[in-house]
Amino acid sequence: MTTIDLRGVFPAMTTPFHEDGSIDFEQLQSDVRRLEGAGVDGLVPVGSTGESATLTHDEHVEVVEAVVEAVEDVPVIAGSGSNSTREALELSRRSADAGADALLLISPYYNKPEQAGLVEHYQTIADEIDLPQIVYNVPGRTGSNILPETAATLAEHPNIAGYKAASGDLGQISQVVEYTQDEEFAVLSGDDGLTLPILSVGGVGTISVVANIEPARTGAMVHSALQGDYERARELHHELGPLCRHLFSETNPIPVKEAMEIRGYGPAAVRPPLTRLTEENAAEMRRLLDELAAESALPDGGSDE
């Protein structure tokens, strides 16, 4: 059994594309260096934000390999989930072989398994792959909800190290923390607007979209809360609030990719059936990013630019 420190900020990385739809590996590795240089605690490629749904399995593994090659000191947590247990197991094996330090496994989507099926799915992968694994609950994308009791059962497995909470239900997330507090099990925010509340009930970090744009500010908020400085954490939470909300004005990762292009962090191109951010929302994004660049509760008064 291997272990991983899941305290802190783990950007859910985007996958940059050239205009012809091919992967821009040079930009991807530049993103790795930028984010690691900003002090993030780990990187999460090929999750939902990485448009894993439109990557082939070979592309998926190539992205993991490229991130592992570019990173220096922080862990790489590869998305490797699927609605097929067999396919998730294959992607998990290949991601492990590519050098991932841990795995993020979205719950099976569309086919909506019962809770017993969810337990069997995750335990099957955890029995076969000796890496720390994070259960990812995002009912809005999958159509099913991993209940707190199910999370508690999964937390007993030595290779199941955490739970990414993106249900939007703070009461349920608090229950997951309560039911798993006797295990070596980390509850992570999967919803940027709820990161601070989740930390307040016992969460230890975030797999974050906004951290692609504001890694230092997101890190300062999370680590302030973890150190008990909730006054500073609240100030940063409210600074980030308008951007966090606007990053979900259209389907993720459409807005975050537009924000990255505005900041000069890479192209906004997405793969079909996703489309570019509307001009109205892009104009608002530019305004919000300008505001963030102008004022900050960070010690030097600066932004992540």
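Helices and strands are DSSP runs, helices having at least four residues and strands at least two, and both are numbered from the N terminus. On that basis the predicted model places Glu51 in the loop between H1 and H2. The phi angle of Glu51 is near 55°, a positive value in a residue other than glycine. Glu51 has a relative accessible area of 4% and is therefore buried, the cut-off being under 20%.

Thr49 is found in the loop between H1 and H2 as well. With a relative accessibility of 5%, Thr49 also counts as buried. Apart from neighbours within four places in sequence, the residues in contact with Thr49 are Ala12, Met13, Thr14, Thr15, Val209, Asn212, Asn252, Pro253 and Val256. Two of these contacts, Asn252 and Pro253, are joined by a cis peptide bond with omega near 10°. Pro253 itself lies in the loop that runs between helix H10 (230-246) and helix H11 (254-263). A cis peptide bond is also present from Pro272 to Pro273, where omega is near 15°. The loop holding Pro273 is the one between H11 and helix H12 (279-294).

The sheet of the model is open and consists of 7 strands in the order S1-S7-S6-S5-S4-S3-S2, with parallel pairing. Strand S1 (8-11) and strand S2 (77-79) each have a single partner strand, so one side of each of these edge strands is left without a neighbour in the sheet. From one strand to the next, the twist averages 25°. Helix H7 (residues 170-180) packs on this sheet and touches S4, strand S5 (160-165) and strand S6 (186-189). The direction of H7 makes about 160° with that of S6.

Within the sheet, strand S3 (residues 102-106) is joined by 4 bridges to strand S4 (residues 133-137), and the two run parallel. In this pairing Leu105 is the residue opposite Val135 of S4. The pairing of S2 with S3 is likewise in the parallel sense and extends over 3 bridges, with Ala78 standing opposite Leu103 in S3. S3 is mostly covered, 5 of its 5 residues being buried. In a regular strand, side chains alternate between the two faces of the sheet. Ala102, Leu104 and Ile106 point one way from S3, whereas Leu103 and Leu105 point the other way, and all are buried.

Beyond S3, Tyr110 is found in the loop that leads from S3 to H4. The phi angle of Tyr110 is near 75°, again a positive value in a residue other than glycine. Tyr110 has a relative accessibility of 73% and so counts as exposed, whereas Glu51 is buried at 4%.

Leu131 is placed in the loop between helix H4 (115-128) and S4. Its relative accessibility is 12%, and Leu131 therefore counts as buried. When residues up to four places away in sequence are not counted, Leu131 touches Thr2, Ala96, Ala100, Asp101, Ala102, Leu103 and Asn159. Among these contacts are Ala102 and Leu103, which point opposite ways from S3. Leu131 and Asp31 are separated by 100 residues in sequence and by 25 Å in space, C-alpha to C-alpha.

Two packed helices are described by the angle between their axes and the distance between the axes. For helix H2 (residues 57-70) and helix H3 (residues 85-97), the angle is about 35° and the axes are 10 Å apart. The crossing of H2 over H3 is right-handed. On the H2 side the contact is made by His57, Asp58, His60, Val61 and Val64, and on the H3 side by Glu87, Glu90, Leu91, Arg94 and Ser95. Classified by residue type, this contact has 3 nonpolar, 3 polar and 4 charged residues.

H2 has 14 residues and reaches 20 Å from its first C-alpha to its last, close to the 20 Å expected at 1.5 Å a residue. The buried residues of this helix are Glu59, His60, Val61, Val63, Val64, Ala66, Val67 and Ala70. The elements against which the buried residues of H2 pack are helix H1 (25-37), S2 and H3. His60, Val61 and Val64 are among the buried residues of H2, and these residues also take part in the contact with H3.

How values were computed
Residues are numbered from 1 along each chain as its sequence is written. This is a predicted model: local features need pLDDT of at least 70, side-chain atom pairs count only at pLDDT 80 or more; totals for chains, interfaces and linings use all residues. Side-chain values use heavy atoms; hydrogens and water are left out. Axes are lines fitted to C-alpha atoms, for helices over the stretch in contact, and angles run from 0 to 180 degrees between N-to-C directions. A crossing is left-handed if the near helix is turned anticlockwise from the far one by less than a right angle, and right-handed if clockwise. Contact means heavy atoms within 4.5 Å. Ala, Val, Leu, Ile, Met, Phe, Trp, Tyr, Cys and Pro count as nonpolar, Asp, Glu, Lys and Arg as charged, and the others, Gly among them, as polar. Two strands pair if DSSP finds at least two bridges between them. Buried means under 20% relative accessible area, exposed over 50%, partly exposed in between (1.4 Å probe, protein chains only). The expected span of a helix is 1.5 Å times one less than its number of residues.
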